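Thanks for coming. I have one model to go through this morning, and I will keep to a few local features. Please have the view open.

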Amino acid sequence: MKVYECCGVESVTKKVYCSTCRQEIKNEREVSDKGTVYSFTVIHIAPEEFAHLAPYTVALVQLRDSTAKLTVRIQESVQIGDLVQLEEIKNGTYIYQKVRTA
């Protein structure tokens with residue numbers, strides 16, 4: 001997984017220009033697709049396009065070796081601090097799975 005950095009801020013979303021200094025973002029590097037659950041919520045009543053997946057968990061994951069956080073979908077229950085890993089990217093959605101409980 002790549003992260004893009006400018007002005008000390010890292011993001012997994014590639015942007016052409018930095019929103020802080022307005023310079024072209026040229027710094028990118030590979031980081032682990034593992035991370036820890038920073039926060040989460042369980043979706044019981046989903047939008048129509050995701051209703052077939054409910055209930056499911058949407059989590060904010062702090063990526064390992066990066067300051068970037070990533071919003072992901074997890075089908076199993078998690079707790080803050082659980083170790084998770086990328087399973088696949090499906091239709092632009094990061095699907096993670098729990099590796100270890102906190």
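The largest nonpolar core has 15 residues. Within that core, the residues with the most contacts are Val61, Leu63, Val72, Ile74 and Tyr96. In soluble globular proteins, nonpolar side chains tend to be buried together. Keep in mind that this is a predicted model.

Take leucine 63 from that list. What is leucine 63 in contact with, leaving aside neighbours within four places in sequence? The partners are Met1, Val3, Val12, Val31, Ser32, Lys34, Gly35, Ala68, Leu70 and Tyr96.

Next, a sheet. Three strands make up an open sheet, ordered β2-β1-β3, with antiparallel pairing. At the edges are β2 (9-11) and β3 (27-30), each pairing on one side only. From one strand to the next, the twist averages 30°. Between β1, residues 2-6, and β3 there are 4 bridges, in the antiparallel sense. As one example of bridge partners, lysine 2 goes with glutamate 30 in β3.

Last, serine 11, which lies in strand β2. Is serine 11 buried or exposed? Its relative accessibility is 18%, and buried means under 20%, so serine 11 counts as buried. The side chain of serine 11 reaches the backbone nitrogen of threonine 13 at 3.0 Å. Not counting residues up to four places away in sequence, serine 11 touches Lys2, Val3, Tyr4 and Ala68. Val3 and Ala68 are also among the contacts of leucine 63.

Methods:
Residues are numbered from 1 along each chain as its sequence is written. This is a predicted model: local features need pLDDT of at least 70, side-chain atom pairs count only at pLDDT 80 or more; totals for chains, interfaces and linings use all residues. Side-chain values use heavy atoms; hydrogens and water are left out. Two strands pair if DSSP finds at least two bridges between them. Helices (H or I, at least four residues) and strands (E, at least two) are DSSP runs, numbered from the N terminus. Axes are lines fitted to C-alpha atoms, for helices over the stretch in contact, and angles run from 0 to 180 degrees between N-to-C directions. Buried means under 20% relative accessible area, exposed over 50%, partly exposed in between (1.4 Å probe, protein chains only). A polar contact is a pair of N or O atoms within 3.5 Å; within protein, one must be able to donate a hydrogen and the other to accept it, and residues adjacent in sequence count only if both atoms are side-chain atoms. Contact means heavy atoms within 4.5 Å. A nonpolar core is a set of buried Ala, Val, Leu, Ile, Met, Phe, Trp, Tyr and Cys residues joined through side-chain atoms within 4.5 Å.
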